Amino acid sequence: MTLAQAESLLTDRDTIPQAEPLARRAIHVSGYEREGRDFYATPAWVTEALLKHVMFRGPIWEPCCGDGAMSSVLADKGYDVVSTDLVDRGFGTAGVDFLACRAVPGGCRSIVTNPPYGDTGSQKGQSRSPMAMLGFLRHAMALTDSVQGQLALLVRLQWIAGKRAADTLSAGPFSAVIVLTHRIRWFDMAERTNAAQHHHAWVVFDHRHPKGQPPALLYV
Ligand SMILES: C[S@@+](CC[C@H](N)C(=O)[O-])C[C@H]1O[C@@H](n2cnc3c(N)ncnc32)[C@H](O)[C@@H]1O
């Protein structure tokens, strides 16, 4: 996708339900360093675990694609994938702020990503992390609702238990939670690579999920 095409994502605001006030911002290439602290490439097995349980209506948008770790697995499984990121990490279209986008790229029906957790890896920052994730989730739900699509986000398992997260998850077409029984070892966390302190899970939404039907609980 070219930057011009990416900018066109901002023009379709009338078709998107407003999940929360979203400032209209121009797409811009950020001043982030190339390897920002919110960048953790997801090991392939994590995306493969999702695809074992969920079949997506494609094409799929990976809006925080990083270096393409998830996009590559999705493409290997036969999906058409549109890859964008705020930061240029040498993959996909850079300079696209997901939170400023008002529509999914043309033709896309699903969003799959490991979003930024908003904590920049610091203990102090972790207090902001749940709200950052909630904002991301609400925005992604509104975008996928507009195409009756699907959404899969990789989150910390503990985050699901928070009151606000519970309210938001329950209000949406929550179709599955896929718990990863192995902890993820993030590749680029230097000396913290071996810590693996968090369990993670995929939360999956499908705007065609029957109303009132609870989400499936799956373990991988
Ligand atoms: C945790 S990394 C995940 C990368 C990739 N999804 C993966 O799983 O390998 C989060 C990515 O989100 C990107 N990002 C952060 N804020 C963003 C925003 N507002 N819009 C788009 N991408 C953003 C970062 O540049 C980073 O590459």
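By class, 13 nonpolar, five polar and four charged residues make up the shell around the ligand, where Ala, Val, Leu, Ile, Met, Phe, Trp, Tyr, Cys and Pro count as nonpolar, Asp, Glu, Lys and Arg as charged, and the others, Gly among them, as polar. The model is predicted, so that local features need pLDDT of at least 70 and side-chain atom pairs count only at pLDDT 80 or more, while totals for chains, interfaces and linings use all residues. Residues are numbered from 1 along each chain as its sequence is written. The ligand is surrounded by 22 residues, each with its C-beta atom, placed from the backbone, within 6 Å of it; the closest are Thr-42, Cys-64, Gly-66, Ala-69 and Asn-114.

Strands β5 (residues 150-156) and β7 (residues 200-206) run antiparallel and are joined by seven bridges, with Leu-151 standing opposite Phe-205 in β7.

Helix α4 (residues 129-145), a DSSP run of H or I of at least four residues, has 17 residues that should span 24 Å at 1.5 Å a residue, which agrees with its end C-alpha atoms being 24 Å apart; the expected span is 1.5 Å times one less than the number of residues.

How values were computed: Pairing = 2+ DSSP bridges. Helix = DSSP H or I, 4+ residues; strand = E, 2+ residues; numbered from the N terminus.
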